[in-house]
Amino acid sequence: MQKTSKQTIITINERTYIINAFKGLKGWSYLPRLTKYIFPFVGFLSNENATDDDMVETLVSLLSGENAKEVEQLVIELVSDVQADGSRIDFDTEFAQSYDSLLKLVVEVLKLNYMDSFQRLVTASTSE
């Protein structure tokens with residue numbers, strides 16, 4: 001995995017994806033839904049000991065809960081700008097029979113866009 005502050009290039013199941021950081025307003029607009037529907041997931045972003053498998057398991061449990069439809073829509077939006085082979089991915093063809101790739105990709109999108117901020121917030125709150 002290659003990461004800059006604005007972009008991550010990652011290979012999942014032999015497919016290479018380019019994840020670009022959200023612009024400020026777009027990233028901010030996802031926060032209410034992330035904290036409402038994926039709040040348990042936020043803890044994983046600042047937990048260095050958590051594995052990708054742990055994160056995927058938590059996300060799967062969220063997708064089967066009472067807010068499944070809202071979480072489903074959020075997941076689709078989170079990966080909508082990810083690129084493979086120089087263009088935006090086609091959700092239907094990209095993830096057919098490869099839902100583990102989708103969930104791992106969501107994890108990487110969240111890491112790139114929110115992990116550093118959450119770590120700084122946790123550090124600031126524990127130092128007060």
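This briefing describes a helix pair and a pocket in one structure. The model is predicted. Helices α1 and α4 pack against each other, and residues from I19 to R88 are among those that line the second largest pocket.

**Packing of α1 and α4**

- Two packed helices are described by the angle between their axes and the distance between the axes.
- Helix α1 spans residues 24-37 and helix α4 spans residues 68-78; their axes lie 11 Å apart at an angle of about 135°.
- The two helices are therefore oblique to each other, and their crossing is left-handed.
- On the α1 side, the contact is made by Y30, R33, L34 and Y37, while α4 contributes E70, V71, L74, E77 and L78.
- Six residues of this contact are nonpolar and three are charged, with no polar ones.

**The second largest pocket**

- This pocket holds about 170 Å³ of space.
- Its lining consists of I19, N20, A21, F22, K23, K26, L78, D81, V82, Q83 and R88.
- By class, the lining has five nonpolar, two polar and four charged residues.
- L78 belongs to the contact of α1 with α4 and also lines the pocket.

Conventions:
Residues are numbered from 1 along each chain as its sequence is written. This is a predicted model: local features need pLDDT of at least 70, side-chain atom pairs count only at pLDDT 80 or more; totals for chains, interfaces and linings use all residues. Side-chain values use heavy atoms; hydrogens and water are left out. Axes are lines fitted to C-alpha atoms, for helices over the stretch in contact, and angles run from 0 to 180 degrees between N-to-C directions. Helices (H or I, at least four residues) and strands (E, at least two) are DSSP runs, numbered from the N terminus. Angles under 35 degrees count as roughly parallel, over 145 as roughly antiparallel, 65 to 115 as roughly perpendicular and the rest as oblique. A crossing is left-handed if the near helix is turned anticlockwise from the far one by less than a right angle, and right-handed if clockwise. Contact means heavy atoms within 4.5 Å. Ala, Val, Leu, Ile, Met, Phe, Trp, Tyr, Cys and Pro count as nonpolar, Asp, Glu, Lys and Arg as charged, and the others, Gly among them, as polar. On a 1 Å grid over the protein atoms alone, a cavity is a set of points where a 1.4 Å probe fits but cannot get out, and a pocket is an open set with protein on both sides within 12 Å along at least five of seven lines; lining residues have an atom within 4 Å of a point. Grid points are joined across faces, edges and corners, and a volume is the space filled by probe spheres set on the points.
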